[in-house]
Amino acid sequence: MGRRSSKKSQEPPPEPMPARVEPCVATLVDRPPAGPEWAFEVKWDGYRLAVHIEPDRIRIITRGGYDWTSRFPSIAAEARLLGLKTAILDGEAVVLDEHGRSDFGMLQRALGRKPSLHDPREILFFAFDLLYLDGRDLRRLPLSERRRLLEPIVAGCAGVIRLSEEVEASGEEFFRIACEHGLEGIVAKHREKPYRSGRGDWWQKITCKRRDSFVIVGFEPSTVPGAIGRLLLAAKRGEGLHYVGGCGTGWTHDMSTELRKLLESIATNATAVNLKRKNAVFVEPRLVAEVEYTAWTEEGKLRHPSFKGIRERADDAGVFELT
């Protein structure tokens, strides 16, 4: 009597879900790349997050590797409703203004512990990549395939989790329109590249204005009682910090007084940079300012800087680094 053959599953064994994936970071370039191999999206102005969906929990991990699930309860709650056993969504948490543009300052106020005009439920998560799905690590796949798997999950969602749409246009045309509408810029991604952690030219960002993060090392008081005249800013250089100038615009009076109280609470006699300033108040380098500026001066200082928001340095993967 012949032996009965048993069918073996052709499915590969499940791959372990990473506890954290260091994000792919776009490289700043002057002009959008050209060619059909490039996909284009809006450059969102918010917090880069990875949403980890697991059978018994949801974790929301920042770019620097911190668990901020408790700060984004609406995103976590909606992630449970996507019907996925396991997944990692890569995207950006934002708050949109009345024109549909992401606004980092509004996001900061929605996340703040103090009373705000902005409800935390206003925070949206725009998903633009899928790194893991139901036992399969997708990072080796080209972007076009990862997007094919992502779109059915979040396309058409109108809640707090949404799809970051690819725009069908040339990079030059899309960039021109983005700047005309007051957006921060655009991102170009190579359709055929796998997901690679760290910074590389397979993802490129083109900004309408320059925007970076700098460590706050002190401030100069304003002539207005209780307010700030200028923030003193530094960039990374090697293992230390290097002074790159002051920023004196971009805040309301109320924001200025709140910021001064916050900085006075971490004032110190020690300076994190080689700088002497009469009347300056130096602070522990624990906070990071988001700053928009037009260029660098020949002396290595920021030209026309404007304050856009503040974040904790504990999550400082994006602090500008001088080379």
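Reader: How much space lies in the second largest pocket?

Author: The model is predicted: local features need pLDDT of at least 70, side-chain atom pairs count only at pLDDT 80 or more, and totals for chains, interfaces and linings use all residues. Residues are numbered from 1 along each chain as its sequence is written, and side-chain values use heavy atoms, with hydrogens and water left out. A pocket is an open set of points on a 1 Å grid over the protein atoms alone, where a 1.4 Å probe fits, with protein on both sides within 12 Å along at least five of seven lines; lining residues have an atom within 4 Å of a point. With volume taken as the space filled by probe spheres set on the points, joined across faces, edges and corners, the second largest pocket holds about 1,100 Å³.

Reader: Which residues are closest to the centre of the second largest pocket?

Author: The lining of this pocket consists of 43 residues. The closest to the centre are Val25, Lys43, Arg63, Arg199 and Lys205.

Reader: Which strand supplies the largest share of the lining of the second largest pocket?

Author: Helices (H or I, at least four residues) and strands (E, at least two) are DSSP runs numbered from the N terminus. Several strands supply at least two lining residues each, among them S3 (47-54), S10 (198-207) and S15 (287-293). The largest share, five residues, comes from S1.

Reader: How many residues of the lining of the second largest pocket are charged?

Author: Asp, Glu, Lys and Arg count as charged, Ala, Val, Leu, Ile, Met, Phe, Trp, Tyr, Cys and Pro as nonpolar, and the others, Gly among them, as polar. The lining has 17 nonpolar and six polar residues, and the number of charged ones is 20.

Reader: Which cysteine does the disulfide join to cysteine 179?

Author: A search of the whole structure, taking a disulfide as a pair of cysteine sulfur atoms within 2.5 Å, finds one. The pair links distant parts of the chain, 29 residues apart, from helix H4 (residues 171-180) to the loop between S10 and S11. At an S to S distance of 2.0 Å, the partner of cysteine 179 is cysteine 208.

Reader: Is the disulfide of cysteine 179 and cysteine 208 left-handed or right-handed?

Author: The handedness follows from the torsion about the S-S bond, which is about -95°. The disulfide is therefore left-handed.

Reader: Is serine 306 buried or exposed?

Author: Serine 306 lies in strand S18 (residues 306-312), where its contacts (heavy atoms within 4.5 Å), leaving aside neighbours within four places in sequence, include Cys247, Thr249 and Glu290. Buried means under 20% relative accessible area, exposed over 50% and partly exposed in between, with a 1.4 Å probe and protein chains only. Because its relative accessibility is 17%, serine 306 counts as buried.

Reader: How far apart in space are serine 265 and glutamate 284, C-alpha to C-alpha?

Author: Serine 265 is in the loop between helix H5 (253-264) and strand S14 (281-282). This serine is exposed, with a relative accessible area of 55%. Although serine 265 and glutamate 284 are 19 residues apart in sequence, their C-alpha separation in space is 9.5 Å.

Reader: What share of the residues in the protein is buried?

Author: The secondary structure comes to five helices and 18 strands. Of the 323 residues in the protein, the buried share is 50%.
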